[in-house]
Amino acid sequence: MKHSARIGRFAGVVLLAMAGGCVTRPPTIAHVHIGHALTGVRVTPGEEGYLVTAERRARETLDLAKKARASGDLGEIKTDTAAAVHATVAEDDFGVKHALMMAAHHITFAATSEDASLNVQRAAPVFAGDIARVLERCELIGLLGRDVVASASVHDAQISVEEIAKLADANLSGEEANGDGVVGSVPQEYGLKQLRKELEDMVARESPRYVTVDQWYLFNLVRLPNGRWVFDKLGRGGNIDGYK
Amino acid sequence: MRKLAVLAALCAALAGIPGALAQTPASAKCASGIAAPAVQQARTALERDPAALEERFRLASALLDQQCYEEAVQVLEAGEATNPQNAALAARLRAARSMISEQRYIEGVTQAEESAKLQRNLFRCKKLADLSACDEALKSRRNDPELNAARADAALRQGKTAEVPAAPVKAVMPAPPPVKPRVAAAAKPKAPLYSNDAPPGQSH
């Protein structure tokens, strides 16, 4: 009698757990790739998502450019500007440009996954095109930054640094260039703020609903030799473009 | 295999290999409507049998080979009506759409690099009177009056008066609008609003 009551209690607990959502379905492969852009990926500093890294590095760039702008010392201006350029264009250290490019790659990976929704398939090419203005500003920051580092006068250096600060700010928040009075109203004015919104709008349209992907799935997606993506339940490992 | 090609192109773009970027003008060729023989043949075959999925795939492949990605997607999407939930069709559509992503991405990266170089030269020419930057910018904007004026100003600021053209802006200004109609209108005798020579019988 005592034994059957115990079994009954156990069955009840299991049923409650199931009803409470303890049994979850794994995310779609497409959503995991999106998660690499928005939430986390193994290879970035702090294992943050590529877009998160791009945003953090863009803030660093702006802070460094402001610091350089406030300085009257040519050596200091050059040091801070070189650091701002590094935060923007470094490939081995996830600068803004590289991190954003990787975010775009992973959105494209999402769109080519077998389980990708039509929504993601259609949004990926748009996103791939819309990152162009931020990439352009990154390139320009790199070129002007090198000019600052080669500069022989504080005056010349400060003129370029002022422009770098404007570009860094636009990379974060967007700009107003077409005279409509709205910042970031068209892709040619986009900064990371508008690009994030574009991705958030995309995931908001998803059906089944997109939910933030659990870290285990984010870090255990592998690509098989036949090109299929699977979760590495057996810990076989691998190393494909940031994947375990 | 297609995905590998996408990755290879993306990597090539990241590495700045010009060969990978030289493929972008294909979209202009597609827009012109000039079709390659393979595309024409596949299109004719599909027109004969619009329900044949294999013919549709052949046309889409021919278009993809010509880098006409948007057109390939349109051809495949048109097949969805007669072949809903077809896995092979869905896979080809995904691949074709990913090629559009790749194309836009590569175009964006290429344009970003080129545009940044030009903007840097314009900035240095106008703000810092950097003559070599002016000359670099003028290579692609020879007839830009503002840039020519900035170049002349930069030469003046550098004390290189010999390099300042007599009329730098005028020299590159586009031809003024034709004045002929205005002259003609002026020369043409105006019909009098009121005249004592009015033909008889007309009252005022």
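Analyst: On the side of chain B that touches chain A, the elements giving two or more residues are α1 (2-14) and α7 (87-128) of chain B (helices are DSSP runs of H or I, at least four residues, numbered from the N terminus). Of these, α7(B) gives the most, with 21 residues.

This is a predicted model, in which local features need pLDDT of at least 70 and side-chain atom pairs count only at pLDDT 80 or more, while totals for chains, interfaces and linings use all residues. Residues are numbered from 1 along each chain as its sequence is written, chains are lettered from A in the order in which they are written, and side-chain values use heavy atoms, without hydrogens and water.

User: Why is the pairing of A:Asp147 and B:Arg124 called a salt bridge?

Analyst: The N to O distance is 3.8 Å; the term requires a side-chain nitrogen of Lys or Arg within 4 Å of a carboxyl oxygen of Asp or Glu, so the pair qualifies. The count between chain B and chain A is 3 salt bridges.

User: What makes the area between chain B and chain A buried?

Analyst: About 2800 Å² is buried, 65% of it from carbon and sulfur atoms; the term denotes accessible area (1.4 Å probe) that two parts lose on being put together, summed over both.
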